[in-house]
Amino acid sequence: MTRIIGLTGGIASGKSTVSNLLRQAGLPIIDADQVARQVQRPGSPALDKLVAAFGHEIIAPDGHLDRQRLGQQVFADPAARQELDRIMQPLIRDAIWQAVENFKKQGVANVILDVPLLFEAGYDDDCDLVVVVRVSPATELQRLMARNGYSKTAAQARIAAQLPLSTKVAKADVVIDNNGGLEQTRRQVAQLVEDLQGTQ
């Protein structure tokens with residue numbers, strides 16, 4: 001039987017680092033952000049719907065979706081964000097579960113669902129285990145400002161738009177503490193992999 005492990009965290013909490021470590025350990029990863037990019041590729045029905053809803057200015061010169069421009073357009077407008085979710089979430093969900101089915105047919109023991117909005121979008125309901133990557137609020141803020149070049153106010157707004165990290169931690173089956181260095185995180189991920197392989 002294939003076990004589905006949900007992986008999430010706060011914005012800039014280091015979820016991608018943990019996801020990469022799990023991939024290096026040989027676990028298959030279904031990355032929701034990559035799925036979204038595939039679903040939004042040029043010529044896709046999803047991209048046509050996004051243009052109809054948000055205008056041609058969200059298309060980059062090379063014909064791909066300008067995700068940053070779309071993000072700026074919808075972030076400060078709750079109604080626009082709801083419209084984006086209405087268009088994209090069903091398509092992303094279908095693609096993710098199709099990928100899960102493919103792994104199940106191959107008899108894969110564990111599949112990682114790497115989903116930033118795991119709880120917000122209800123994916124946790126279908127997971128056998130949920131892993132949350134945690135950092136302190138101060139570290140999350142500093143890392144987001146450094147990574148994306150945001151002002152403190154912009155970074156705080158992005159963090160506030162997600163479910164609080166403390167709430168995610170409270171709902172988690174496993175918490176990876178990413179406040180320390182990479183080696184500390186690596187050890188925790190290695191322990192998780194060992195636990196998963198030991199209970200197959």
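Leucine 27 lies in the loop between H1 and S2, where helices (H or I, at least four residues) and strands (E, at least two) are DSSP runs numbered from the N terminus. The structure is a predicted model, in which local features need pLDDT of at least 70 and side-chain atom pairs count only at pLDDT 80 or more, whereas totals for chains, interfaces and linings use all residues. Residues are numbered from 1 along each chain as its sequence is written, and side-chain values use heavy atoms, with hydrogens and water left out.

**Leucine 27**
- Leucine 27 has a relative accessible area of 10% and is therefore buried, a class that means under 20% relative accessible area, with exposed over 50% and partly exposed in between (1.4 Å probe, protein chains only).
- Leaving aside neighbours within four places in sequence, leucine 27 is in contact with Leu22, Asn110, Ile112, Val193 and Leu196, contact meaning heavy atoms within 4.5 Å.
- The C-alpha atoms of leucine 27 and valine 111 are separated by 6.6 Å, although the two residues are 84 residues apart along the chain.

**The sheet**
- Five strands form an open sheet in the order S2-S3-S1-S4-S5, with parallel pairing, where two strands pair if DSSP finds at least two bridges between them.
- Its edge strands, each pairing on one side only, are S2 (29–31) and S5 (174–177).
- Neighbouring strands of this sheet are turned by 20° against each other on average, direction ignored; axes are lines fitted to C-alpha atoms, for helices over the stretch in contact, and angles run from 0 to 180 degrees between N-to-C directions.
- S4 (residues 129–134) pairs with S5 in the parallel sense over four bridges, with valine 131 opposite valine 174 and valine 133 opposite isoleucine 176.
- S1 and S4 pair in the parallel sense over five bridges, and leucine 129 in S4 is the bridge partner of isoleucine 5.
- S4 is mostly covered, since five of its six residues are buried.

**Helix H9**
- Helix H9 (residues 182–198) packs on the sheet and touches S1 (3–9), S3 (110–114), S4 and S5, its direction making about 155° with that of S5.
- Threonine 185 is found in helix H9, and because its relative accessibility is 0%, threonine 185 counts as buried.
- Not counting residues up to four places away in sequence, threonine 185 touches Val18, Leu21, Ile176, Asp177 and Asn178.

**Pockets**
- On a 1 Å grid over the protein atoms alone, a pocket is an open set of points where a 1.4 Å probe fits, with protein on both sides within 12 Å along at least five of seven lines, and lining residues have an atom within 4 Å of a point.
- About 1800 Å³ of space lies in the largest pocket, a volume being the space filled by probe spheres set on the points, which are joined across faces, edges and corners.
- Of the 48 residues that line the largest pocket, the closest to its centre are Asp33, Arg67, Pro116, Arg158 and Gln162.
- H4 gives the largest share of this lining, seven residues.
- By class, the lining of the largest pocket has 18 nonpolar, 17 polar and 13 charged residues, with Ala, Val, Leu, Ile, Met, Phe, Trp, Tyr, Cys and Pro counted as nonpolar, Asp, Glu, Lys and Arg as charged, and the others, Gly among them, as polar.
- The second largest pocket holds about 190 Å³ of space, and H6 and H8 (165–171) each supply at least two residues of its lining.
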